[in-house]
Amino acid sequence: MDKEIYQLVEMGATVPQARAALRKYKDVMQAAERILDGEFACVTDGDDDVHMTPISPTGLMSPSQTPCVSTPEHVDGDDDLDMQDNEDDVDDYIDYDSDYEAKRNTGEVDPYAGIFFSKDRREEVIEVEEEPEYAVLSGFKEPVKLMMQGDWMRGCPEGNEQSFLFALYDFLSNNKCPCPQSCGHNIGRKRSDFFPLFPEFSTYIEHLRRIVQQSCPNCNIEFCFACGETINPGSIRPNASIDVSLFHCSNLQGVILGVGLAMLETMFMEQRRQLGDEQNQGASKAKSSKKRKMDLHPHSSIINGDDDDDDAYYMSLPVGKKARGGTGYAGDGREDTSGQLEAQAQQRIKDEKIGLLLSRIRVYLPSLHRDGGALTSDYMVHPTALALLRRRFNFLCSTLLRNDSLSDMSDRSVLYFELFEWLETISNHEALASMMAMPIMVAGSIKSVAPKKVGRGKSVIRERTIIYEGSAGPRELLEAIVIQARAAIKGLEGIKPAETEEEEMTEEQKRMTTDKGKGKEKESSPALTDENQKLLAFCQRILMTANAIDRSLRETKGDAFVARLHAALPKITNSSTFDSTSIQVGTTEEERRKAYVDWAMQVRFEYCDLTVPPAEPIPSEDTVPHYKFYFNSEARMLANSEIPKRSLAIAKELAVLTTNLPVAWDSSIFLRVDENRVDIIKALIIGPEGTPFLFDIFLGPSYNQSPPSVKYMTTNGGKYRFNPNLYADGKVCLSLLGTWSGPGWISGRSTLLQVLISIQSMILCDEPYLNEPGWANGGGTPQSKAYSANVRRMVVRTAMLGNLKALPEPFSDVIRTHYRLKARAISSQLDKWLAMDDGKPISGDAFNISGRLGGESGSSSSAFKKDIEEMQSLLKQLQDGTFE
């Protein structure tokens, strides 16, 4: 029997009905819908010579998009058709189970073994929305909304998921449940039995308890209303903390998870919608003539205004890259912070509600490690369980794990701790573990289709075309938080003395040490404050969850699987082990841009040794090292100091910086932090024209109550001033740093990332002349053009040639690789600068330029031309591999 016919038969159709429906509609899901509508109820007999060729279940097409090919009955269908068509694209996908071909068999526990998954994958799926139905249930005065089939099946399908979901929904809403003894007694099932959406999940569970255990009046036996099988009284554990009748079969498990997750999704979306309304309240008043819906979802094509809520569900899914943190030139000192504590309290209440619902649903997750022992449904996992988890839980999981603030996550630990429990429970089950490594399919775009006309008395059917796109999976998303957690733990450790080699003591020295130590306890580090301890415990919990997932995947999928997964995870590299010369530049601009961003993402943050190696042995009384650092004296004064508030602030800063430094082809930020002194930081900010500028940053004793100390280092020995806000003596003029008037640093809220991005926006901006107060209206004037021309001459002489000829530590490899990957673009840019030059010599103080505007322009100075030719020669050497 052909696969499509078999699916329809599984859904309750007869063979003649299935053949007739497929012959007319050429699509399994559409045929199934029409069969359920009763269109083919009169088809009782018939034979057809046309059979539908089955498509390989490992294919990547959605069931609603699966092509049906008609072939004569005597021609055998080609089960490998889909895989053969995609042979050329095999390298584009990751087969997460290819290491286990020998282990596969028809009894594979993991229903997705052998299916290809890729983050590059895109699926177009047509989803059906039905008019909601309501039912009056016992104990409720108001009608209760029912979960419709379209909502039950919503999401991007894998393999044969749709048929399983369809079959279970139909089985629990339209079929009779006969007595297992075949005595003739049966009970009709209705949609309101298993698919009511009560206001509370606990109410839904109580409702199921009342109906799930049925008794036959003829045979006096107990049987399960969800599967129709006899309930064995001996299997009931009277001391169990849960009602085992709800764990009798996988049908119950699937429907409880499906309905529970739908309730969770609704609550979560409602909270996000409320937050969005609060944040957009001011903007909506200013733009009252525009619909808020169109502002939120500019890529949506809305046909019917009634679809707003449903579209909000789709388009709220995480798509693309998360927005980077930081604000313009300064924090908003005028911001009203009086409602901050109230907002935090309200968020805590919302998180507690979500966390409580998550914990109640988690009870029904398949678990072989359940207190009191595993139950029937724990072993016999229904295929819909994984399908629903992947479609609904992943939405919540993905949204929460994309939070780029470890501090915010720690403050919301009541919710995140429960999320970590879910991830561990899922990874611990053999049938669910692969979900941790699977890319999450998120809605990239949505297009509504005009409602279809149906028969009189039937509800209107509306369809949407959803484009699902692959994005990072749960374990990959978690890794970004793991990196932040490790950085925070390092920050909480405070300032550690540099490790020194211990000389072996003589016997007399050992004896003296022992004598002095008698009666004294070993000195311990100062106890962490409650707030520090809270963050530390949260970070440790993150690491425990990641380790537990890896351990489970290793047990269920093998070492090779985990090794391959880890190779694709985001990571902080070490320049000593990272081979930048292996990066291929690419032949097209698109390839070069991608190679550059991929490389920069890996090396943007790194711990390293910033100490100055001593020229001679350090005296025993002076164990504090010196640093390659402008603020060396201030740093040495704070050696061995323990300031809990400062440690907490630094821990939070490091957590954010590790994964949120902006990286792009046009401009990027790279940081190097001393491995033992996390308050000592060096920054390399590459301007929009590909020019590197160096900064030294020190997080002083009162950080974060006061801003960091920042010194600009690319000044040609204190001679050049590239911007009105970047002085030749290294001063950075910025209100956030308190070096300029305007909104300044806000204790506990402003961040180093804001400072870095504010500086980034000043470097080689279009018209740096305009940054000087009083000159803001001078755009396009001869003075502004002369100022920019002088800046370009200084840039080539110092920021480009100077940094490349004398590679500064610890950014030597970064600068070398930066110029190698961008050699063509920068060389072309230098030609344009030469053509634009006004022919004047370099002036270290650009403010003197306004007095020298009378000179003739048009022919470039020979010095500037010589600098450009030398720079282009070095770029060519980098490309050829001859640069030393």
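Begin by selecting strand β13: Ser668, Phe670, Arg672 and Asp674 point one way from the strand, Ile669, Leu671 and Val673 point the other way, and all are buried, where buried means under 20% relative accessible area with a 1.4 Å probe and protein chains only. In a regular strand the side chains alternate between the two faces of the sheet. Strands here are DSSP runs (E, at least two residues), numbered from the N terminus, and β13 covers residues 668-674.

Before going further, note that this is a predicted model, in which local features need pLDDT of at least 70 and side-chain atom pairs count only at pLDDT 80 or more, while totals for chains, interfaces and linings use all residues. Residues are numbered from 1 along each chain as its sequence is written, and side-chain values use heavy atoms, with hydrogens and water left out.

Cys608 has Asp674 of β13 as its bridge partner.

Then select strand β14 (residues 680-686), which pairs with β13 in the antiparallel sense over six bridges, the two forming a hairpin with five residues between them. Ser668 stands opposite Ile686 of β14.

Now move to Trp152, Tyr204 and Phe393, which touch the most other members of the largest nonpolar core, a set of 120 residues. Such a core consists of buried Ala, Val, Leu, Ile, Met, Phe, Trp, Tyr and Cys residues joined through side-chain atoms within 4.5 Å. Apart from it lies another core of 79 residues, among them Val603, Leu661, Ile686 and Phe693.

How values were computed:
Buried means under 20% relative accessible area, exposed over 50%, partly exposed in between (1.4 Å probe, protein chains only). Helices (H or I, at least four residues) and strands (E, at least two) are DSSP runs, numbered from the N terminus. Two strands pair if DSSP finds at least two bridges between them.
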